Each structure stands twice: as C-alpha cells, then as structure tokens.
Amino acid sequence: MMRPVSNKPTLRNRLMRHVLLPLALTWLLGSLLMLTIASYFTQQAYDRALLDDAYLVASHVRQKANVTEVDIELSLSAQEMSTVLFDQSESLFFAVLRLDGSLVAGHAGLHPTLSGVQSAPQFEVLNYQNKHLRSVTLFRDQPTRFVVVMAQTTTSRERLLQRLFVFSLAPQILLLMGLAIWLQRAIEDDLVPLTDLERAVAQRVEAAGRQAAESVRVPTAAEWKAFPPRPRYDEGAALGG
C-alpha cells in the first residue's frame with residue numbers, strides 16, 4: 001500500500017517562516033523604537049525653542065504708563081513681532097492674556113486648556129484655526145499677573161520623522177532581500193548532494209516497482225483462450241467406477 005505524498009513546505013517557505021520573518025519583525029521593532037526615541041528628542045528641541053520665544057515675548061510685557069490702575073501692554077513693534085514669529089517651515093501663534101482671559105496682544109481665540117496657575121511652563125497640544133499646534137503656556141507675575149501662550153504647527157517635525165522612518169527602513173528592506181537571496185542559494189548548494197541521492201533512490205524504487213509488476217503480469221483475454229480446456233469432472237462416473 002503506497003503512502004500518500006505529504007505536501008511539505010518548500011525551502012523558500014521554511015526560510016521565510018523560520019529566518020526572514022523573525023528577522024524582519026526584529027528590525028521593524030528596532031526601527032519603531034528608534035523612531036520613538038528620535039521623536040522624543042526632536043520634540044524636546046522644538047519645545048526648548050518654543051519656550052525661548054515665550055520668554056522673549058514675556059520679557060517685553062510692560063506696565064502701561066499714565067494709568068491709574070495696573071494694566072499691561074506688549075512693547076514690541078509689529079516688525080519686531082514679525083521677527084520673533086518668523087519661521088521658514090512652521091507657523092507660530094502667540095497670545096498675551098490677563099488672568100481673566102482677556103487679550104492683551106496677539107492672536108484672538110488662542111487660549112490654553114490647562115486650568116490653574118502653574119509656576120513651571122506647561123506644554124500641551126491645541127487645535128487652533130483647524131491646525132494641530134504644540135503650545136507652551138508661561139505664567140508670570142511681574143509687573144502684574146499675566147499669561148503668555150506660544151504655539152507652533154508641527155508639520156515640519158512630522159515630515160522629518162517620516163523621512164527618518166523611510167530612510168532607516170528602506171536600507172533594511174534591501175539588506176533583508178539580499179540576505180534572503182544569499183541564504184536560499186547557499187542552502188540549495190549545500191543540499192545538492194542530498195537532492196541527487198533522493199533522485200537516485202526514487203529512480204531505483206521506480207525501476208524495482210516496474211520489474212515486480214512485470215513478474216506478476218495478469219494474462220490477457222487472448223492468452224486465456226489459448227489455454228487448453230479443462231476436463232469436466234463427472235461425479236457419477238467416479239462413484240460407479
């Protein structure tokens with residue numbers, strides 16, 4: 001009885017399953033980890049620059065002259081403010097607010113979502129004018145208590161991280177493809193003697209099977225007719241005799 005031939009996975013499938021797939025997953029996880037670390041430090045650099053702009057604006061807030069009540073104003077001209085807000089790739093927004101939320105200078109409607117006065121600068125994500133912004137809120141108490149909000153779009157840093165991910169992943173894919181081709185050829189070369197042995201054994205088994213089939217060949221109908229007729233057995237004659 002012949003055993004059914006099992007559908008064993010090919011060498012390429014085994015190579016993909018046991019070698020290349022785990023290696024690709026390892027490289028992918030490493031790339032994502034590297035991208036996360038790069039994103040963290042990139043955001044830290046942008047946050048420091050944004051905080052410096054907020055401190056610069058806060059340093060130019062002055063008390064109004066000839067005012068009976070304490071009130072403040074921004075002592076930066078339009079040209080100076082344009083210089084502060086200049087950025088080649090991003091859009092910057094700012095607002096100087098009193099504690100009651102009224103606007104002293106800057107872009108109307110730009111308010112922090114954080115509640116309460118904090119001594120340390122507070123970073124957060126805002127949506128302003130249908131734009132995704134990274135903002136810093138700075139609380140000051142001289143000459144009177146006020147708030148400075150400085151916000152910036154994040155388009156350039158997102159594109160930077162995307163390019164970093166592509167440029168780090170593309171060489172790894174090429175290396176993985178080259179490694180797959182090299183491994184497949186190397187393993188196939190090493191398996192050539194075993195393949196030849198399997199082919200020789202299969203040919204011998206096939207030849208032995210043909211010989212066995214020929215030795216027990218069943219006669220054809222014409223050959224059966226050529227045999228002499230078998231004598232009929234007469235039971236009565238055998239008993240009478």
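This is a predicted model: local features need pLDDT of at least 70, side-chain atom pairs count only at pLDDT 80 or more; totals for chains, interfaces and linings use all residues.
## The overall layout

Zoom out for a moment. The protein chain contains six helices and seven strands.

How much of the protein chain is buried? Of its 241 residues, 24% are buried. Another way to look at the fold is through its contacts: among those with a separation of 6 or more, 53% are between residues 24 or more positions apart.

Strand 7 covers residues 146-153, and eight of its eight residues are buried. Both of its faces are covered. On one side you'll find F146, V148, M150 and Q152, and on the other V147, V149, A151 and T153.

Which strands pair with strand 7? One is strand 3 (residues 92-98), which pairs with strand 7 in the antiparallel sense over seven bridges. In that pairing, V96 stands opposite V148. Another is strand 6 (residues 131-140), joined to strand 7 by eight bridges and also antiparallel. Here T137 is the residue opposite V149. Strands 6 and 7 make a hairpin, with five residues between them.

## Helix 3

Next up is helix 3, which runs over residues 155-190.

## A serine in helix 1

Now find S31, which is part of helix 1 (residues 11-59). Is S31 buried or exposed? Its relative accessibility is 2%, and buried means under 20%, so S31 counts as buried.

What does S31 touch, if you skip its neighbours within four places in sequence? Its contacts are F165, L169 and Q172. With Q172 there is also a polar contact between the side chains, at 3.2 Å.

## Two aromatic pairs

Time for some rings. A pair of aromatic rings is described by the distance of the centres and the angle of the planes. How many aromatic pairs are there here? The count comes to two.

One is Y40 with F41, an edge-to-face pair at 5.2 Å centre to centre with 80° between the planes. Y40 has a relative accessible area of 48%, so it is partly exposed. F41, at 54% relative accessibility, counts as exposed because the cut-off for exposed is over 50%. The other pair is F93 with Y128: the centres are 5.4 Å apart and the planes are at 75°, so this pair is edge-to-face. It links distant parts of the chain, with F93 in strand 3 and Y128 in strand 5 (residues 122-128), 35 residues apart. Both F93 and Y128 are buried.

Definitions and conventions:
Residues are numbered from 1 along each chain as its sequence is written. Side-chain values use heavy atoms; hydrogens and water are left out. Helices (H or I, at least four residues) and strands (E, at least two) are DSSP runs, numbered from the N terminus. The expected span of a helix is 1.5 Å times one less than its number of residues. Buried means under 20% relative accessible area, exposed over 50%, partly exposed in between (1.4 Å probe, protein chains only). Two strands pair if DSSP finds at least two bridges between them. A polar contact is a pair of N or O atoms within 3.5 Å; within protein, one must be able to donate a hydrogen and the other to accept it, and residues adjacent in sequence count only if both atoms are side-chain atoms. Contact means heavy atoms within 4.5 Å. Rings of Phe, Tyr and Trp (its six-membered ring) pair if their centres lie within 6.5 Å; planes under 30 degrees apart count as stacked, over 60 as edge-to-face and the rest as tilted.
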